[in-house]
Amino acid sequence: MNARNVAMTIDQVAVRFGGLVAISDMSFTVGEGEIVSLIGPNGAGKTTAFNVMTGFLTPSAGQVTYQGTTLTGLKPHEIADLGLIRTFQRTSVFPNDTVYDNLLIGLHRQGRVRLLDAILGLPGARASERKLRQKASELIEWVGLERRAHDAAGSLSYGEQRLVGVALALAAEPSMLLLDEPVSGMNASETHRFVELIRGIRDRGITILLVEHDMPMVMTVSDRIVVLNYGRIIAEGTPDVIRNDPAVIEAYLGHGAARA
Amino acid sequence: MRIIITILAVAVLASVPLWLRDPYLLNALITTGIFVIGAMSLNLLLGFTGQLSLGHIAFFGIGAYVSALTSLGFDIGLPGGLRLVHTPWPPIVGFVLAMLIAGLCGYFVGQLSFRVRGAYFVIVTISFAEVVRLVALNWVELTQGPLALTNIPSIALPLPGFGELTLRTKMQNYYLMLVVALLAYLLIARLVHSHFGRAMRGLMENETLAVSVGIDVTKTLTIAAVISAAIAGAAGSLYAHYIRIIDPEVFAFINTVTMVIMVISGGKGSLAGPVVGGLIFGLLPVALRPVMAPEAQWIAYGGVLMAILFVLPRGIVPSLAQRFSRRRSNTPALAPAALTETGAKEPA
């Protein structure tokens with residue numbers, strides 16, 4: 001990662017809910033075009049970290065910087081405007097709309113036209129609509145959901161809804177994508193396809209930060225892994241380094257293996 | 001298919017004054033139509049952003065008073081011994097001002113209450129309507145209070161080269177109402193099918209996700225509130241110049257409830273819903289009057305409402321549209337959920 005430009009810097013971030021310390025003093029960086037995974041047992045503070053990075057939570061201390069902009073105090077939609085887009089663990093779609101309409105909603109950032117133009121149906125607004133429809137179709141095709149394009153998103157399987165969630169995030173034109181447990185609830189072949197998808201997203205030049213429990217998947221896809229436990233970073237490095245790190249094995253992998 | 005229904009409906013509505021000679025019924029249709037415009041504006045908030053404004057009549061009433069006062073003129077004392085004198089302007093100017101000022105009120109109510117949504121929004125809107133009613137009731141110098149503003153002039157349309165056309169007859173007022181209603185319908189339709197409409201729908205369905213793809217909650221909801229309030233203000237202006245007398249009772253809570261009933265029964269979130277619901281519940285009292293005692297009328301009114309919502313719980317238009325499309329395509333409503341293997345995903 002030394003050769004890369006830094007996309008995101010997490011600098012001494014701490015989050016406390018009353019007396020509960022969710023994250024204490026977390027610092028790491030994500031390089032441009034890198035795939036970084038944030039792992040750790042349940043309750044380690046992974047999703048909290050995501051919420052801080054995307055403005056859904058304000059950190060008690062420290063700050064997050066994305067491409068030179070300090071994110072402290074920005075609203076979630078303003079952070080999205082910087083190109084920092086996330087997906088969610090559960091609530092990943094607009095359930096009552098078709099997959100196609102989901103994508104059109106997701107394309108909001110690209111579809112901004114003046115209100116009056118839209119109401120009067122001026123040529124500029126109409127051209128923008130055509131472009132959006134084209135892009136929505138492309139994205140649906142890219143994640144492989146053509147056959148479900150006109151079904152209500154809420155009626156899709158869990159795995160398919162995840163794909164809609166990713167397509168929605170891509171529709172927002174991210175320069176960095178935060179994926180929160182994207183393959184939980186997927187079967188092996190769905191997970192395999194998803195890994196291919198993540199690589200495809202990176203090849204589009206999008207930086208990826210991943211929170212995931214599926215260890216084989218994380219080990220396959222990541223350039224670098226950051227391990228959290230009890231709100232602090234206990235290890236950081238390439239998958240090979242992490243696999244052999246005694247602290248990780250003891251605190252996390254070993255614990256999981258002993259339970260299984 | 002949809003286009004044919006729309007054209008037929010407009011043609012039928014436009015032909016009404018040609019064959020309906022009963023002035024009482026025509027009058028009922030005009031006031032119902034004006035309330036339908038109000039219901040359409042309420043539907044923009046309730047049906048497309050999910051925000052229940054239980055003070056919606058405030059925007060209607062503000063439109064009515066602004067328009068009436070603009071065309072009647074006033075002379076009021078201000079603090080410090082000053083007087084504010086306004087000489088009457090043409091009613092058409094009042095109509096425009098009614099929209100602008102109601103829209104402005106929509107902006108402030110929106111800014112104020114979209115920070116505290118859900119139940120708080122409902123309470124803020126109810127309070128707003130009540131405060132405005134009290135102002136109308138007690139600022140006697142401006143509004144005549146309970147004595148009402150009377151002799152409000154009819155709307156006069158300026159015709160370039162021909163002078164003015166003052167709309168005095170019921171037929172003329174019917175067409176005025178119909179034109180405003182169609183414009184309001186068209187405006188709302190364009191809006192909800194534009195990317196603003198999609199942003200509204202996104203916020204209603206899954207706000208967290210909508211925000212994460214860059215949709216600005218406050219801005220989107222404020223735009224909806226302003227346009228909704230402006231349309232309600234236009235309806236209020238039509239009401240003032242047609243009835244030609246308004247008193248603070250125009251702000252009564254029951255009027256908001258009537259609009260909510262029109263929207264819910266017809267189907268919130270559907271463009272035609274408030275029109276269908278509005279025609280039914282606007283004209284129902286007229287239909288019941290000759291056959292029932294006044295007390296029984298309200299019982300029947302409630303009975304019809306409950307029956308509609310029992311049989312068609314999502315409202316008339318969406319429920320029928322769904323049945324129709326399901327019968328045609330014969331597809332199941334829900335696709336079977338694929339098997340998921342959540343249990344196999346424990347940390348290794």
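Two residues are in contact if their C-beta atoms, placed from the backbone, lie within 7 Å. By this rule, the contact between the chains takes 44 residues from chain A and 32 residues from chain B. The model is predicted: local features need pLDDT of at least 70, side-chain atom pairs count only at pLDDT 80 or more, and totals for chains, interfaces and linings use all residues. Residues are numbered from 1 along each chain as its sequence is written, while chains are lettered from A and ligands numbered from 1 in the order in which they are written.

Helices (H or I, at least four residues) and strands (E, at least two) are DSSP runs, numbered from the N terminus. H8(B) gives the largest share, 7 residues. By class, this side of chain B has 15 nonpolar, 9 polar and 8 charged residues. Here Ala, Val, Leu, Ile, Met, Phe, Trp, Tyr, Cys and Pro count as nonpolar, Asp, Glu, Lys and Arg as charged, and the others, Gly among them, as polar.

Chain A holds an open sheet of 4 strands in the order S2-S1-S4-S5, with antiparallel pairing. Two strands pair if DSSP finds at least two bridges between them. Strand S2 (20-31) and strand S5 (69-70) of chain A each have a single partner strand, so one side of each is left without a neighbour in the sheet. Strand S1 (residues 6-17) of chain A pairs with S2(A) over 8 bridges. In one of these, Val6(A) partners Gly31(A).

Helix H1 (residues 46-53) of chain A lies across S1, S2 and strand S4 (61-66) of chain A, at about 65° to S2(A). Axes are lines fitted to C-alpha atoms, for helices over the stretch in contact, and angles run from 0 to 180 degrees between N-to-C directions. H1(A) is mostly covered, with 7 of its 8 residues buried (20 or more other C-beta atoms within 10 Å of a residue's own, C-beta atoms being placed from the backbone). Among them are Phe50(A), Val52(A) and Met53(A). Gly55(A) follows H1(A) and has a positive phi, near 85°.

In chain B, the axes of helix H11 (residues 253-266) and helix H12 (residues 273-288) come within 7 Å and cross at roughly 120°. H11(B) and H12(B) are therefore oblique to each other (angles under 35 degrees count as roughly parallel, over 145 as roughly antiparallel, 65 to 115 as roughly perpendicular and the rest as oblique). Their contact has 8 nonpolar, 6 polar and no charged residues.

Key
Buried ≥ 20, exposed ≤ 12 C-beta atoms within 10 Å, placed from the backbone.
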